[in-house]
Amino acid sequence: MKSVRESNYELLRIVSMFFIVAWHVIIHGNLLTNTVGNLNIIMNALELFFIVHVSVFMLITGYFQSKSRFRFKKLISLILEIWFYNFFINTFLYLSGIVEYSSADYLSKIMFYNYSSYWYIQFYIVVYLVSPYLNKIIDFCSRKELKKLIIIMFCCFSIIPAFTFSLAYYASGSSLDQYILLYFIGAYIRKYDIVKTFLSKFSISKKRLIYISIYLLAWLLNVGLFYLSLVLSNKENSIIQFISSFLQTSKFYYSKPLVIIQSLSIFLLFGTFHFKCRLVNIISRLTLGVYFIHEAAYIRSNIYVWFGIDGQGMIFSRKIIIKIFLVALAIFIGCSLIEFMREKIFLLLSKTKFFKKIDKKIDPVFERLEQVK
């Protein structure tokens, strides 16, 4: 009987993907522009609560990939999954006439690399491609050297941009340097068993309480900075106006120190849990499909209208908060079911004689490529 993989970080993948979907409901549902006053502050506060999503995914990648082999087959599988959804979604729109594409537009749409909405996957692919070399750095460096490297990168790509208002160095966190930093941090946590050794004098329950408290404190400080930016925006002093403008434009930067602290605290929190659940592991496997489906260009620009989130004009009722979670849950479940069916279809195809022959011919090629130093 096949052993079941530990499910703590698989559950974290699910939570992070739900955060991504809820984030998109607010952002792409235009709830930041269609609300005012206290309700708008709540919308921004929710965004700052969810903001850890992509950072957590890269921490998980560093944690596991730092001890795993690079596999071309895995990379090709990911690219085929992206292409599958781009091809079928856009082909349906093209043939049904729902969207009027020229032939050139159609061809460009089905090419996955044209999608700016998949920006994170673009960085993920690059990080995965260079992961063997990142792992060599991790293996070669002593603990002290690796810690210094992480601190230097953290200062350059997070601390300095935040405290110099991006004048000395600009970093929004949507960049390759940010995700290499997070990869190293995830790898460091695993290599030196930081989940176990950090705060080792405390019991598990106390450690969990500390991590939750750090997450909430960092979140509240982020919300406080946003509220401060609104207060400062009413001042006439040009320097204060500049600070206010920076705080507002940078409120959702993934590179902010407080956001990285939030991401680390929730990652370490889930590291304290130890359980195995097949259902959690199955759902976790579907999360990338959720991302590809609901972020496909046409879907992204229309799904929130279909759910009655966008296109309603200004919103004043706080019932919208409940609706955000219900819509996010509906999108997550719906996309998961579609991805589950895609997996089953691909599994059935892989068992046919035609695909077995292809697989038999391609596997040796992948093996030779993986052996290239």
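Is glutamate 10 buried or exposed? In this predicted model, glutamate 10 is buried, because its relative accessible area is 6% and the cut-off for buried is under 20%. The residue lies in helix H1, which covers residues 8-28. The side chain of glutamate 10 makes a polar contact of 2.7 Å with the side chain of serine 284. Apart from neighbours within four places in sequence, glutamate 10 is in contact with Arg5, Phe64, Val280, Asn281 and Ser284.

The next topic is how helices pack. Two packed helices are described by the angle between their axes and the distance between the axes.

Take helix H6 (residues 119-140) and helix H8 (residues 176-191), whose axes are 9 Å apart and form an angle of about 50°. H6 is therefore oblique to H8. The crossing of the two is right-handed. On the H6 side, the residues that meet H8 include Trp119, Phe123, Val127 and Leu134; among those they meet in H8 are Tyr179, Ile180, Tyr183 and Phe184. Sorted by class, this contact has 14 nonpolar, 2 polar and 2 charged residues.

A second pair is helix H10 (residues 204-232) and helix H12 (residues 257-271), whose axes come within 9 Å and cross at roughly 160°. An angle over 145 degrees counts as roughly antiparallel, so H10 is roughly antiparallel to H12. Here the crossing is left-handed. The H10 residues in the contact include Arg208, Tyr211, Tyr215 and Trp219, and those from H12 include Leu258, Ile261, Gln262 and Leu269. The contact of H10 with H12 has 14 nonpolar residues, 3 polar and 1 charged.

Key
Residues are numbered from 1 along each chain as its sequence is written. This is a predicted model: local features need pLDDT of at least 70, side-chain atom pairs count only at pLDDT 80 or more; totals for chains, interfaces and linings use all residues. Side-chain values use heavy atoms; hydrogens and water are left out. Helices (H or I, at least four residues) and strands (E, at least two) are DSSP runs, numbered from the N terminus. Buried means under 20% relative accessible area, exposed over 50%, partly exposed in between (1.4 Å probe, protein chains only). A polar contact is a pair of N or O atoms within 3.5 Å; within protein, one must be able to donate a hydrogen and the other to accept it, and residues adjacent in sequence count only if both atoms are side-chain atoms. Contact means heavy atoms within 4.5 Å. Axes are lines fitted to C-alpha atoms, for helices over the stretch in contact, and angles run from 0 to 180 degrees between N-to-C directions. Angles under 35 degrees count as roughly parallel, over 145 as roughly antiparallel, 65 to 115 as roughly perpendicular and the rest as oblique. A crossing is left-handed if the near helix is turned anticlockwise from the far one by less than a right angle, and right-handed if clockwise. Ala, Val, Leu, Ile, Met, Phe, Trp, Tyr, Cys and Pro count as nonpolar, Asp, Glu, Lys and Arg as charged, and the others, Gly among them, as polar.
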